[in-house]
Every structure is written in structure tokens, then in C-alpha cells.
Amino acid sequence: MTKTASPTKAPSRVRVTVGRQSLEAMGRDFLDQWHALEGGAAIAETHIHFQTLDDAARILSPKRQDLLKYLRRHKARTITEIAAGVKRSYKNVHQDVKALLDIGLLRKQKDEGFTVPFDRIQTEIRL
């Protein structure tokens with residue numbers, strides 16, 4: 001899995017791609033963003049790439065998607081608050097929160113607690 005974050009504080013969307021991506025395609029994506037930034041564009045997008053659909057499904061499980069949806073609608077400063085809100089065990093929520101933090105789908109800010117810094121996930125699967 002690879003992750004590329006755009007330089008804005010709160011991306012409005014996450015683009016998830018699955019499948020093989022050539023170095024040429026990665027280079028094109030990078031250059032497109034670079035040129036857009038040079039032109040003064042504010043890019044509000046984060047890119048996450050998984051090599052296989054199994055990898056994506058493991059990380060973006062239905063329970064983790066529910067957790068992201070919950071945190072878009074509710075403020076939570078602790079994992080205990082999240083676990084109570086989604087009615088799941090602390091241990092499982094802790095594992096899910098860690099996985100989502102690690103790939104950038106979730107953020108923890110000192111003054112705001114846990115936040116989901118986007119409002120949609122766009123998925124592309126390469127065959």
C-alpha cells in the first residue's frame with residue numbers, strides 16, 4: 001500500500017486505487033499534482049493505493065467504514081467514546097482506529113480528538 005497526501009489540511013476526498021500501477025502512471029499522477037500546485041491550485045485530495053483487492057477489503061472492512069461514518073457525524077476524543085458510540089469492544093475499535101490512522105483515513109488532533117478529514121472515498125479498481 002502506498003499513500004500520497006496533498007498539502008492541504010482537510011482533503012475533501014480520498015482516492016483509493018487497487019491493482020498494479022506502473023512507475024510511469026505513478027510519475028504522471030505526481031507530475032499532474034505538482035503542476036496543479038505550481039499553478040496555484042489547492043488540491044484537496046489524498047491518494048491511497050493497494051496492490052490487491054484483498055488488501056483494500058481487509059483495511060476498508062465494513063466495520064471500519066461504519067467507524068468512519070460515525071466519526072464524520074460525531075465528535076470523539078477517546079477510543080472509549082468511539083467504542084461506546086459504535087457499540088463495539090474497546091479492543092476491536094482500538095485495532096481499527098490504529099489501522100485507519102496508519103493509512104491516513106483518520107486523524108487525531110490534540111484539541112479536536114479523532115477526525116475524518118474528508119467527505120467521500122472514490123475507488124478505482126484496475127483489472
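Axes here are lines fitted to C-alpha atoms, for helices over the stretch in contact, and the angles run from 0 to 180 degrees between N-to-C directions. In general, two packed helices are described by the angle between their axes and the distance between the axes.

This is a predicted model, in which local features need pLDDT of at least 70 and side-chain atom pairs count only at pLDDT 80 or more, while totals for chains, interfaces and linings use all residues. Residues are numbered from 1 along each chain as its sequence is written, and side-chain values use heavy atoms, with hydrogens and water left out.

The crossing of H4 past H5 is right-handed; a crossing is given this name if the near helix is turned clockwise from the far one by less than a right angle, and is left-handed if the turn is anticlockwise. On the H4 side the contact (heavy atoms within 4.5 Å) is made by Ile 79, Thr 80, Ile 82, Ala 83 and Val 86, and on the H5 side by Tyr 90, Val 93, His 94 and Val 97. By class, seven of these residues are nonpolar, two are polar and none is charged. In this scheme Ala, Val, Leu, Ile, Met, Phe, Trp, Tyr, Cys and Pro count as nonpolar, Asp, Glu, Lys and Arg as charged, and the others, Gly among them, as polar.

Helix H5 also packs against helix H3 (residues 62–73), at an angle of about 80 degrees and with the axes 10 Å apart. H3 and H5 are therefore roughly perpendicular to each other as well. Lys 63, Arg 64, Leu 67 and Leu 68 of H3 meet Val 93, Gln 95, Asp 96, Val 97, Ala 99 and Leu 100 of H5. The contact of H3 with H5 comprises six nonpolar, one polar and three charged residues.

Asp 96 is bridged to Arg 88, with 2.6 Å from N to O, and both residues are buried (under 20% relative accessible area, with exposed meaning over 50% and partly exposed in between, for a 1.4 Å probe and protein chains only). Through shared partners, salt bridges join Arg 64, Arg 88 and Asp 96 into one network.

Two further salt bridges lie within single helices. In helix H1 (residues 23–38), Arg 28 and Glu 24 are four residues apart, and so are separated by about one helical turn; their closest N and O atoms are 3.0 Å apart. Arg 28 is partly exposed at 44% relative accessibility, whereas Glu 24 is exposed at 58%. In helix H2 (residues 53–59), Asp 55 and Arg 58 are three residues apart, which also means a separation of about one helical turn. The closest N and O atoms of this bridge are 3.6 Å apart. Asp 55 is partly exposed, with a relative accessible area of 27%, and Arg 58 is exposed at 52%.

These helices belong to a chain with five helices and six strands, whose elements run β-β-α-β-α-α-α-α-β-β-β from the N terminus on. Helices (H or I, at least four residues) and strands (E, at least two) are DSSP runs, numbered from the N terminus. Of the 127 residues in the chain, 37% are buried. Among contacts between residues at least 6 apart in sequence, 71% join residues at least 24 apart.

Gly 19 lies in the loop between strand S2 (13–18) and H1 and counts as buried because its relative accessibility is 7%. Residues up to four places away in sequence aside, Gly 19 touches His 49, Phe 50, Gln 51 and Arg 126.

Thr 115, in strand S5 (residues 113–115), is buried, with a relative accessible area of 16%. Apart from neighbours within four places in sequence, Thr 115 is in contact with Leu 106, Arg 107 and Gln 109.

Key:
A salt bridge is a side-chain nitrogen of Lys or Arg within 4 Å of a carboxyl oxygen of Asp or Glu. Angles under 35 degrees count as roughly parallel, over 145 as roughly antiparallel, 65 to 115 as roughly perpendicular and the rest as oblique.
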